[in-house]
There are 2 protein chains.
Amino acid sequence: METGKLRAVKIISINVVFNLFFLLCLYLDFTQESQKREAFRQAVVNTLERRLFYIPSFKIYGGVTGLYDYGPPGCAVKANVLAFWRQVGTFRFSMLLSFLIAQTLDWDFVFSLMLICFVDGVSCHFVLEENMLEVDCPCVTPEIVLKASGHVDKFTDLMVKDEKTGTCYRADHLLKDFCKDKLEKEPNLSAEKAAELKHVLAVLDNLSMEELSAKIKEYGITAPDTKNTLSDPYPFNLMFQTSIGPSGSSPGYLRPETAQGIFVNFKDLYYYNGNKLPFAAAQIGQAFRNEISPRQGLLRVREFTLAEIEHFVDPEDKAHPKFSEVSKLELFMFPREDQVCGRPARKISIGEAVSQGIVNNETLGYFIGRVFLFLTQLGIDEGRLRFRQHLANEMAHYAADCWDAEIESSYGWIECVGIADRSAYDLHAHADKSGVPLVAYEKFPEPREVEVSPPSVPQFTKLVIAPVKKELGLAFKGNQKMVVEALEAMGEKEAMEMKTTLEAMGEAELYVCTLHKVVTIKNNIVSISKEKKKEHQRVFTPSVIEPSFGIGRIIYCLYEHSFYTRPSKDGDEQLNVFRFPPLVAPIKCAVFPLVQNQQYEEVAKQISKSLTAFGISYKIDITGASIGKRYARTDELGVPFAITVDSTSSVTVRERDSKQQIRVSVDEVASLVKSVTDGVSTWADLLRRYPIHSS
Amino acid sequence: METGKLRAVKIISINVVFNLFFLLCLYLDFTQESQKREAFRQAVVNTLERRLFYIPSFKIYGGVTGLYDYGPPGCAVKANVLAFWRQVGTFRFSMLLSFLIAQTLDWDFVFSLMLICFVDGVSCHFVLEENMLEVDCPCVTPEIVLKASGHVDKFTDLMVKDEKTGTCYRADHLLKDFCKDKLEKEPNLSAEKAAELKHVLAVLDNLSMEELSAKIKEYGITAPDTKNTLSDPYPFNLMFQTSIGPSGSSPGYLRPETAQGIFVNFKDLYYYNGNKLPFAAAQIGQAFRNEISPRQGLLRVREFTLAEIEHFVDPEDKAHPKFSEVSKLELFMFPREDQVCGRPARKISIGEAVSQGIVNNETLGYFIGRVFLFLTQLGIDEGRLRFRQHLANEMAHYAADCWDAEIESSYGWIECVGIADRSAYDLHAHADKSGVPLVAYEKFPEPREVEVSPPSVPQFTKLVIAPVKKELGLAFKGNQKMVVEALEAMGEKEAMEMKTTLEAMGEAELYVCTLHKVVTIKNNIVSISKEKKKEHQRVFTPSVIEPSFGIGRIIYCLYEHSFYTRPSKDGDEQLNVFRFPPLVAPIKCAVFPLVQNQQYEEVAKQISKSLTAFGISYKIDITGASIGKRYARTDELGVPFAITVDSTSSVTVRERDSKQQIRVSVDEVASLVKSVTDGVSTWADLLRRYPIHSS
């Protein structure tokens, strides 16, 4: 028995030790992973700040959390991303390109197709205008608009205050930090407790004010800086408030999204589009959120650029004529059911997702495909991009379906683009508040006979009560007039009931108040009908499908996905590189005279002039720094190509990532760089066509 | 005598009648002119609103004065103007083009030059990067920044309130309206009174709060709507105020200009530019002014797009290396003296203006030239564009010189671009407030010996007082130590006075407090000098030259300058046309099948595809409307070219303003439209090369 007990204790001990060891490993692994992520982020952010991709705003005054400036290279990247977005929004051509690239990665094929398009402009059936209507509305918005949209009442975060100092915190942040901290720093947490904390983290976004309050009290969470007690959570509206005009009587807000400016213009835009559906309007502009305590650097800021599309469709027909162009794209999707059941995201084609009912409709699917092409073309890693469906309780009650394009970064999965079917909610809300109907019309090719019109357009309903005078005279003689009046005074419901009774029984009773008695009406005395009316059109409120792009978040994730380090030639330091595609790169080309020498500098200037003439942005560096140092400086800005002048007749061209070099004649080099930055040839093409230079 | 008197009376009467008649004519002329202007503006504005160039913001809610949306064509025009501005800002190539166009109007020459640039990229010495550093800063700005810039204290307008209703008015507007009204509507005003009112109008912008108040009282001006009495004028700050973060303790404003974002980043940008001057930074973005009562439609709004350049230069060297490129440009200038003496603006070359000292320096002159080229290239009428110098009392005290590019519109002369030499004011202000030095360095090729350093850098000054011990011992024996201490304790002023006395008289007196007596110091006892220090660099605060473009105002003036009407074919109505150059036109080309017929529509689609492939925005109209009606619709949008499909092999191309048509083969038409919209050929070229089509 003793031995048995001992053995049992031993086994348990071993189990406990093993479990503890296992947990410790997991913990170390987790901690290591999180330290690695942190270190990686620091390297990216340091490079970005040092090279002025961005600058904390008003830095000389100590900065303002959540506000950032874009410095020169950041500004160029943003301009490139927005120009590409507009293109994608406006023209189908880039779409074709992206699609081909994604599908074939065969540049020769793309090139030949481009040639066909450009040269005889006939064979390319993808090339069609998207015809989006771009608008540009002010940031300052009067209260009534945001009251109608629901932002004044519901655009809030829950806040708690340090009861002594008055410092404000986001309630969910404190709870999140508490749970994460416990999980990370207390390895001997009971399994039960750990599971509870993990559950809290999972449902954090969906906790009500009362639930949050209860959890904060239960865990005894205090103010992180002072350990003072906290107030109960209460809602704080995230809109920056201001006042329009001098009187102080017209409250206004800085818009939290650009979409409302499009909705209130629906009527004019529909008219501009020739009263035809579907059509899309687009807007690029600043939006604002007065965050309680911004964290996560460039990911959660108080002012940001949004690019939003509002695609208006007939709610009865959400098919998309160009759906077939994207239906074969395969991408990581994370449907609602998979999230609930704890399954991971899985690769699935858009066509399947729509046909299986995972994605609500073709138009939504079409935009998911376009978002995928847009992001991957910019340089977002396809493997770290997923489309996550909103959970039922996460989605606004009016939304038909909603998907977020999430990109994995050192902060975790980040929502960068929202693609929502908002149904007719917004147009209804503004029509109700303003009294201006925001509707569309479908003209019928042939007028249609309808008996009962839609209840929303009561003017089309017409009840006809036709007494047959001759029969009436025979039946009621002198009382005829009073009976007729009583018949004609019937309401719709009463009349239709009589009609039913007459049809079933051949007669019905009617109380004639002027006679103070009930009379019997035979079915030959009156004919009751609803007049069949010819309708020429259907009137309805369109649905809205909204892809909404957080440009700053996309750019930050792009920085992380593009960043890597590699050892310097002598191996004594790590060099930073951004592997931006030429489309995104803030500067397309560098020009370096190998040594400080007038001849080489002349050649360098000559090449610079040709580059400018071709519209290629470049950076010339005539300092005496070593060529390795100069390469490193431009690699850090993500400049894809560098021309080094080491003779007066020919030069070398170096590709940033492979560091391979080719030798090209001075006269040819600018046009060659143009072809490869415009994407009409690839670096692989050039390697085949030009002699490789080994330094 | 009687007769004499009578004659005199008659003469006087005739005079009076004649004078009255003359005044009446003037009045009628004035009124007619102003009615004509009003009618013209109405025609422009109606067209702009009807075709959605712009839309009063939040129209379905009754709108907000001073806020406008750009609809689709307005958005396209704005995007075109900003892209051109960036080009001008970044590349010298467009500059060359503008210059050549302005000077020669010879497209063949321009074309050949472009070819040279593009093909061998060597012969074109204008082609050099401008190297501006673009930044993008937030609209929300903390108070401290705008306190430093002076906006919190001084960015005000004077306001009066209706004492009963509280309605607010701009004090100067009421005075202006009163004076204008009197002058226009009271023809029998005394000459003296008229002169007084005109004087008030002339000095209106320079009246102090007290003067304005006095005038309003003197004239008995009341609230225009209610005739109630008005409050005294008081300053109202024009910035939209808000609060950053949840605590309410961080006041912020919406920026009234984009410039401050650049100034606070000076240090980083200077470093980014390799610590070299001069350099320019640029920013395009929204700015805000909470106007008291916005008038003048699109010209005075509460939110607008600014495009600002801050060019940082050494205050001791404001020459500009590219000045010669603009020095021969002749434009209407309106110097201070001419305004004061009542002379009109006169044509003068920029070179002369600078050499005669009318314009303060070359850099200012260079930017005046570039602004001229930018505006005229967009389509602003050169004859209705002038550069007006600020009057002495109009200019900020720190400004070295300031010129406004003013464009004449139906509202009068409108300030659209300000070009100011703001000296070192802004950098000084932010350095003082933040404590961060915002300076530049000039490295000397050889270290320089300096005796007295600039007072702004006191650390370089070193006073050397060297007592000669031997002589001291002989002269003062036991008191030697006290005398040395007294000598060494002298301040700079005292020491330098002693030095002067010693040099002049050979001796000087010194009170030694520790001895309680005055002693005589001979000039062999002490040597007083300032150490000559070797300086390696000069430290200074750069000057700023700022061209600041009000994009919305430029675009509105462009609309007025581009608008005209012409009779329809049958003469029964006036048709509207915008004569936008292709650069600005929101849509470059229209495509019309002549009649509704499948063959023609096929050809039209084929042409559309080629246009898209070439990146030419177009509008296809396959409605059955008459061709004349379709031309009229696109003329009203300023579409420069229309392709009409009237056969399957060839089509006609119509130019908007001349209404001339040429016949071109289907295969060729897209590339031809591209060449003429890109400006590589002119319509005149095409008329020579293709058969003219007469309809």
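Ground rule for element names: helices (H or I, at least four residues) and strands (E, at least two) are DSSP runs, numbered from the N terminus. This is a predicted model, where local features need pLDDT of at least 70 and side-chain atom pairs count only at pLDDT 80 or more, while totals for chains, interfaces and linings use all residues. Residues are numbered from 1 along each chain as its sequence is written, chains are lettered from A and ligands numbered from 1 in the order in which they are written, and side-chain values use heavy atoms, with hydrogens and water left out.

Entry 1: I went looking for exceptions, since most residues other than glycine have a negative phi, and most peptide bonds are trans. Lys659(A) sits in the loop between E29 and E30 of chain A, and its phi is near 60°, positive although the residue is not glycine. Buried or exposed? I use under 20% relative accessible area for buried, over 50% for exposed and partly exposed in between (1.4 Å probe, protein chains only). Lys659(A) comes out partly exposed, at 42% relative accessibility. Gln296(A) also has a positive phi, near 60°; I found it in the loop between E10 and strand E11 (303-313) of chain A, partly exposed at 27%.

I then checked the prolines. The bond from Leu277(A) to Pro278(A) is cis, omega near -10°, and Pro278(A) belongs to the loop between helix H11 (266-272) and strand E10 (279-288) of chain A. In chain B, Leu277(B) and Pro278(B) are joined by a cis bond too, with omega about -10°.

**Entry 2: helix H22(A).** Just after H22(A), Gly679(A) has a positive phi of about 85°.

**Entry 3: His320(B).** I placed His320(B) in the loop between strand E11 (303-313) and strand E12 (330-334) of chain B. It is buried, at 7% relative accessible area. Beyond its neighbours within four places in sequence, His320(B) is in contact with His311(B), Glu362(B), Thr363(B) and Tyr366(B). Its side chain also reaches the backbone nitrogen of Lys322(B) at 3.1 Å.

At the interface, 77 residues of chain B are in contact with 78 of chain A. The chains bury about 7200 Å² between them, 66% of it on carbon and sulfur atoms; buried area is the accessible area (1.4 Å probe) that two parts lose on being put together, summed over both. Ile60(B), Tyr61(B) and Tyr272(B) supply 11% of what chain B buries against chain A, more than any other three residues.

I also found four salt bridges across the interface, taking a side-chain nitrogen of Lys or Arg within 4 Å of a carboxyl oxygen of Asp or Glu. Asp268(B) and Lys59(A) form a salt bridge at 2.7 Å, N to O.

Note on methods: A polar contact is a pair of N or O atoms within 3.5 Å; within protein, one must be able to donate a hydrogen and the other to accept it, and residues adjacent in sequence count only if both atoms are side-chain atoms. Contact means heavy atoms within 4.5 Å.
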